[in-house]
Amino acid sequence: MALTSRGAARVVPLAPAVVLLALFMLGPVVWSFYGSFTNASLTGPAALNPEWIGLDNYTALIGDPDFPKSLWLTIVFVFLSAVVGQNVMGIMLAGLLRSAVKPVRSIASTVVVAAWVLPEIVAAFAAYAFFHSEGTLNTMLGGIGITGPDWLYSTPMLAVIIANIWRGTAFSMMVYSAALAEVPPELTEAAQLDGANGLQRLAWVTLPVIRRSISTNLMLTTLQTLSVFTLIYVMTGGGPGTDSSTLPILAYQEAFKFAQVGYGTAIATVMIIVGAVFSVIYIRALRPEVD
Amino acid sequence: MTGQMTAPAAKTRPGVVVGQMAGPRVTATKLAANLVLLVIALLFVLPMAWVLVASFDAGATLSFGLPEAVTTANFSAIMTPELTWLPLWNAFVLSAGSGAITVVVAVLAAYPLSRYRMRFGKYFLYSVLFGTCLPITAIMVPVYALFVQLNLLDSLPGTIFFMAATSLPMAIWMTKNFMDSVPISLEEAAWTEGASAMQALRRVVLPLMRPGIAVVFIFVFVQAWGNFFVPFVLLLSPEKQPAAVSIFAFFGQYGSVAYGQLAAYSLLYAAPVLGLYVLVTRISGSAFALAGAVKG
């Protein structure tokens, strides 16, 4: 495209955005790929002048038993808390809200949204207190004569998965509420007249109509959950040991607790690639809105 | 919060035949739906209710329970300049700073994207969408290394610009959508009177999308206010750290004894965000505005 003076003037307003994005978004991504091939450390000479060490960080990753474990924990965390938990809870709540009376609807949606609007560190404290061995959950279980375990130590993944469902369901609920509102009522009524029960109507009428919202929401919740750090860090610190260290926690600990920035960067690079794959799928789904 | 969520269609549908056929069953189903919702709401509110009750409890524990004695001592204990006011001020500077930068840069970028058919505009929007997806926690280790190289570590302005950049993709996307809904015919009138594109943007477009700009600003502000990981990694000296980080340090030092104070601090820190969310719902007329905007 020949850049005429008019064309150039049109592009100028984009410049600040391009500079900021290039420096602080693209820069770290490029740096991540580069840094993962170095022995960069937190302090000392290797902090300012890291040396090129080739694929050593990646071979170390494969040899490190913590990495495959962390990768597996991340998959479990994302699948159970986002793909299953938040999405199923979200669509269920959206459906229930439609047949609820107004006061119940306001109370339920306000409470669910409040858990999502809270700052993440406060949400994490609240979840920590709830699952603590002397917390609300065990007090309630004690009330019906059950001595609950120390959830944060004996079942850390279960605790953080439930906490993340609690924290994030609001987003799916809102997306599905908007989607369900656009399903033409004639469709479900026609199915009802044909003798379809509630579950059949959901499976054969409602879900196919809102499939685009479902795929968009699955992608977004997956990406959001992939980068959850604070909730897990506050509740369990990734422990006990590395029993709840998902990839963001592992990358943080390698880089800042064990001062191996290069190694932590290699883990970050793996996360960026995983995130990029999901993003590309998501953007392909959204293509019509850009073109 | 109003919670307007039923579609108008659902209210106005005739449903005479259906209603007569399935009368009692529909009421039973509705009753069950309301009960299930109340149970879910109770489960969701429990962890949050702990924060509220413990902050006024003289002998707060980690479990939700009625306080032995209601007190405001937890609040007065934490309301010192170095513990609360300075971190809250830092949080405000970070959030307002990145919010202002993001809004200005996003409006400038959205204008050509919304108004001109540019061949690379499409690719720019694709990269912006891609940027909204990038998990920020994944890039924090390399960002730390980059900040070491640029000598920006522990710098408040550096952190503000970084937070502005990370919220920029979503802000550009939202601003462009808001701007698309302002009819171009109004600017064409301004152009024929000799106004430049930037003048038309300032005098015609911006006044018409004030609510949209407020929503974008609040969106960025709330995100920055609640962000823990970014300032936790990039800001090292306690006198520069925002509330999210200092509250975590407080938790590490006294969290195992002073639950009441931790809860009081959490409440004080969360209150502005809850207030702003209510404000957004008022501006945009829907309780689900933020998610709607996120959806694009």
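I began with Met235(A), which touches Ala124(A), Ala127(A), Tyr128(A), Phe131(A), Leu152(A), Ala159(A), Val160(A) and Ala163(A), residues up to four places away in sequence being left out; contact here requires C-beta atoms, placed from the backbone, within 7 Å. The model is predicted, with local features needing pLDDT of at least 70 and side-chain atom pairs counting only at pLDDT 80 or more, while totals for chains, interfaces and linings use all residues. Residues are numbered from 1 along each chain as its sequence is written, and chains are lettered from A in the order in which they are written.

I then looked up the largest nonpolar core and found 174 residues, with Ala127(A) and Met235(A) having the most contacts inside it. Such a core is a set of buried Ala, Val, Leu, Ile, Met, Phe, Trp, Tyr and Cys residues joined through C-beta atoms within 7 Å, buried meaning that 20 or more other C-beta atoms lie within 10 Å of the residue's own. Helix H10 (residues 156-181) of chain A gives this core its largest share, 14 residues; helices are DSSP runs of H or I with at least four residues, numbered from the N terminus.

For the interface, I noted that 86 residues of chain B are in contact with 88 residues of chain A. On the chain B side, helix H3 (residues 23-55) of chain B supplies the largest share, 16 residues.

Finally, I checked confidence: chain A averages a pLDDT (the predictor's confidence in each residue, from 0 to 100) of 86, and 93% of the residues score at least 70. Within chain A the lowest mean, 64, belongs to helix H3 (residues 45-48) of chain A. Where pLDDT is low, predicted coordinates should not be read in detail.

Notes:
Buried ≥ 20, exposed ≤ 12 C-beta atoms within 10 Å, placed from the backbone. Helix = DSSP H or I, 4+ residues; strand = E, 2+ residues; numbered from the N terminus. Contact = placed C-beta atoms within 7 Å.
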